[in-house]
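I opened this notebook to record what I looked up in the structure shown below. The entries cover accessibility, salt bridges, aromatic pairs and the interface.

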Amino acid sequence: MSDASRPGPAEIAKRLQDEFGDKIVAVDLEAVDPFCQVDPMAVDEIATFLRDRLGFNYLRCLSSVDYLDKKKTSEELGVVYHLGAIPDARHLFCLKVRLPRDEPTVKTVSAVWPTADWHEREAWDLMGIVFEGHPNLTRILCAEDWEGHPLRKDYVSPDTYHGIKNNVV
Amino acid sequence: MAGEANIQEINFNTDAATRDNVLITTLDKVLNWTRKSSVWPMTFGLACCAIEMMATGASNYDIDRFGSGPFRATPRQADLMIVAGTVSLKMAPRVKLLYEQMPEPKYVIAMGACTISGGPYIKYGYHVLKGVDRLIPVDVYIPGCPPRPEALLEGLFRVQEKMKFERILDRTREGLRPKILVE
């Protein structure tokens, strides 16, 4: 795709808003990576639309974020999807979702981009985000019987694991 | 007995045939010499320290010169466990299992900062074992991040030094080895 024919972030956001209406919660085109914040329960259909109609055939990265800060102004968790296209390396966009801390559930995109499978397992393992509809949402890095999700900012390390002392002397 | 009589008759100073052909030593010395000259480590690397361990095994540093070349693919044939790299808590029960599968006498080298104390992960490493000596008894600690191959060779010499002064009758080798810490 040439520079002229490629849709820019503004056009992508507009097409998403035309198609999905109020499922697009917020749009920020001034950010380093222009993004749309979307409804967690609609992220799979928006992803399918972006892949099939706007040419985003590649999920570059799926990250989870803990927005907890020291003043407790925000306790939300989040997931960020960086989208790209092959072979058009400049065709980029970003999706974000915000999730409540006590029930962080979002639709899986592993059926849209198979690479999301392990990314979502990692986000579940380390941040405790539940991906609804994932075929095998089990821990990928920590031990199978590990308790808690270690990359959350309010996580406290256990003192022992299977009788092994884990405290810092 | 006839044998006793023969021994008494031998004069080591004057009998040339005996003087040039008989060597007197102790069983302990012979056994320890054979043991220290063929320390077989286990093929077992956990992180970046294992790269240095491989370099030690390769031709530039050539651990074979000291009889320690054959890295065994099973703990049943190994004398020495070189714990080379960060031990995660997921890996810890497996490390202990491998240690228990090694036949006695067995020796452990803790190679590198992570293995000694958790290294850079000691404070925020939620999933890192903070020293492999919390799990299995360690004979020699090699500091470094990672230690150079020369340091690993020096660690091997320390293990060999330890082997040199063991007694075969001291089967439990008490006083030489700490006990397993985690049941």
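**Entry 1: terms and conventions.** I took buried to mean under 20% relative accessible area, exposed to mean over 50%, and partly exposed to mean in between (1.4 Å probe, protein chains only). The model is predicted, and I therefore noted that local features need pLDDT of at least 70, that side-chain atom pairs count only at pLDDT 80 or more, and that totals for chains, interfaces and linings use all residues. Residues are numbered from 1 along each chain as its sequence is written, chains are lettered from A and ligands numbered from 1 in the order in which they are written, and side-chain values use heavy atoms, with hydrogens and water left out.

**Entry 2: salt bridges in chain A.** I counted as a salt bridge a side-chain nitrogen of Lys or Arg within 4 Å of a carboxyl oxygen of Asp or Glu. Over all chains, the search gives 15 salt bridges. I looked up Arg98(A) and found a salt bridge to Glu76(A), with the closest N and O atoms 3.0 Å apart. This pair links distant parts of the chain, 22 residues apart: Arg98(A) is in strand 5 (residues 93-99) of chain A, and Glu76(A) is in the loop between strand 3 (58-66) and strand 4 (77-84). Strands here are DSSP runs (E, at least two residues) and helices likewise (H or I, at least four), numbered from the N terminus. Arg98(A) has 30% relative accessibility and so counts as partly exposed; Glu76(A), at 31%, is partly exposed.

I next looked up Asp154(A), whose side chain meets that of Arg101(A) in a salt bridge (3.2 Å, N to O). Asp154(A) lies in the loop between strand 7 and strand 8, and Arg101(A) in the loop between strand 5 and strand 6 (105-107), so the pair ties together parts 53 residues apart in sequence. Asp154(A) is partly exposed at 44%, whereas Arg101(A) is buried at 13%. Asp66(A) joins Arg101(A) and Asp154(A) in a network of salt bridges.

**Entry 3: a salt bridge in chain B.** Glu161(B) pairs with Lys164(B), the closest N and O atoms being 3.9 Å apart. The two residues are 3 apart in helix 7 (residues 149-164) of chain B, so about one helical turn separates them. Glu161(B) is partly exposed at 40%, and Lys164(B) is partly exposed at 38%.

**Entry 4: aromatic pairs.** I paired rings of Phe, Tyr and Trp (its six-membered ring) with centres within 6.5 Å; planes under 30 degrees apart count as stacked, over 60 as edge-to-face and the rest as tilted. The structure holds 5 such pairs over all chains. One of them, Phe20(A) with Phe49(A), is edge-to-face, at 5.5 Å centre to centre and 90° between the planes. Phe20(A) is in helix 1 (residues 9-20) and Phe49(A) in helix 2 (residues 43-54), 29 residues apart. Both Phe20(A) and Phe49(A) are buried. Trp146(A) and Tyr161(A) have ring centres 5.3 Å apart and planes at 45°, so this pair is tilted. Trp146(A) is buried at 5%, and Tyr161(A) is buried at 9%.

**Entry 5: chain A against chain B.** Which residues of chain A lose the most area to chain B? The area buried between the chains is about 1,300 Å², of which carbon and sulfur atoms give 63%; buried area is the accessible area (1.4 Å probe) that two parts lose on being put together, summed over both. Ile164(A), Asn166(A) and Val168(A) lose the most, together 36% of what the chain A side buries. I found 0 salt bridges between chain A and chain B.
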